[in-house]
Amino acid sequence: MRTKATVVAICGRRATVEAERTSACEGCHKSEGENACSVCSLMGGDRKMRAEAENFVGAEVGDTVIIESATGRMLWYAALVFLLPMLSALLFYGLAALLGAANGWRIGAGFFGLCGTFGGLFAYSEYIRKKRCDIVIVEVIRKGP
């Protein structure tokens, strides 16, 4: 997956880049203003997102660059974030049902599985973010001012 971004900060061999969010809000007539749709509101309402990228090409602050990430890895992350919590909630609900818990306890167990999975995913995300960088600057398109 490739996209255009702007370098906003440099720290060693990594750069903080800012890219325009296009796919999620493209064509949405409610993506701005106080009547924003729920997806745009959940994403912060801002069409720009920041990420860290490996800077092997020597990009500097203000440069417009092409960044690249492995599509398979991004799909794996999406599956983790969207499918794993739902499966975990169903698993915890099912285990509570097998143990003979009342309906309220089953729902509570499912909610615990859902929230616990998000906590685990957050910890995993922080660990992976510090260990490796999945985005790479592959080309400098235009030098900054």
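The dialogue below reads selected features of a predicted model.

Visitor: How many helices and strands does the chain contain, and in what order do the elements run?

Guide: The chain has 4 helices and 5 strands. Starting at the N terminus, the order is β-β-α-β-β-α-α-α-β. Of the 145 residues in the chain, 26% are buried. Among contacts with a separation of 6 or more, 76% are between residues 24 or more positions apart.

Visitor: Which strand pairs with β2 over 7 bridges?

Guide: That strand is β3, residues 48–54, and the sense of the pairing is antiparallel. One of the bridges links E20 with K48 in β3.

Visitor: Is R14 buried or exposed, and what does its side chain contact?

Guide: R14 lies in strand β2, which spans residues 14–20. Its relative accessible area is 18%, and since the cut-off for buried is under 20%, R14 counts as buried. The side chains of R14 and E52 are joined by a polar contact of 3.1 Å. With neighbours within four places in sequence set aside, the contacts of R14 include E52, A53, E54 and N55. R129, K130, K131, R132 and C133 are also in contact with R14.

Visitor: How much of β4 is buried, and which strands pair with it?

Guide: In β4, 5 of the 6 residues are buried, so the strand is largely enclosed by the rest of the structure. β4 pairs with β1 in the antiparallel sense over 5 bridges. β4 is also joined to strand β5, residues 135–142, by 6 bridges, and these two strands run antiparallel.

Visitor: Which residues stand opposite I67 in these pairings?

Guide: I67 belongs to β4, which covers residues 64–69. T3 stands opposite I67, and I67 stands opposite I137 in β5. I67 is buried, with a relative accessible area of 7%. Apart from neighbours within four places in sequence, I67 contacts M1, R2, T3, A5, V17, I135, V136 and I137.

Visitor: How is the packing of two helices described, and what are the values for α2 and α3?

Guide: Two packed helices are described by the angle between their axes and the distance between the axes. Here, helix α2 (residues 71–82) and helix α3 (residues 84–98) pack at an angle of about 35°, with axes 4 Å apart. The contact brings A79, L80, V81 and F82 of α2 against L84, P85 and M86 of α3. By class, the residues of this contact comprise 7 nonpolar, no polar and no charged.

Visitor: What is a disulfide, and how many does the model contain?

Guide: A disulfide is a covalent bond between the sulfur atoms of two cysteines. The test applied here asks for a pair of cysteine sulfur atoms within 2.5 Å, and the count comes to 0 disulfides.

Visitor: How accessible are C11 and C115?

Guide: C11 has a relative accessibility of 64% and counts as exposed. C115, at 38% relative accessibility, counts as partly exposed. The cut-off for exposed is over 50%, with partly exposed lying between that and the buried limit.

Definitions and conventions. Residues are numbered from 1 along each chain as its sequence is written. This is a predicted model: local features need pLDDT of at least 70, side-chain atom pairs count only at pLDDT 80 or more; totals for chains, interfaces and linings use all residues. Side-chain values use heavy atoms; hydrogens and water are left out. Buried means under 20% relative accessible area, exposed over 50%, partly exposed in between (1.4 Å probe, protein chains only). A polar contact is a pair of N or O atoms within 3.5 Å; within protein, one must be able to donate a hydrogen and the other to accept it, and residues adjacent in sequence count only if both atoms are side-chain atoms. Contact means heavy atoms within 4.5 Å. Two strands pair if DSSP finds at least two bridges between them. Axes are lines fitted to C-alpha atoms, for helices over the stretch in contact, and angles run from 0 to 180 degrees between N-to-C directions. Ala, Val, Leu, Ile, Met, Phe, Trp, Tyr, Cys and Pro count as nonpolar, Asp, Glu, Lys and Arg as charged, and the others, Gly among them, as polar.
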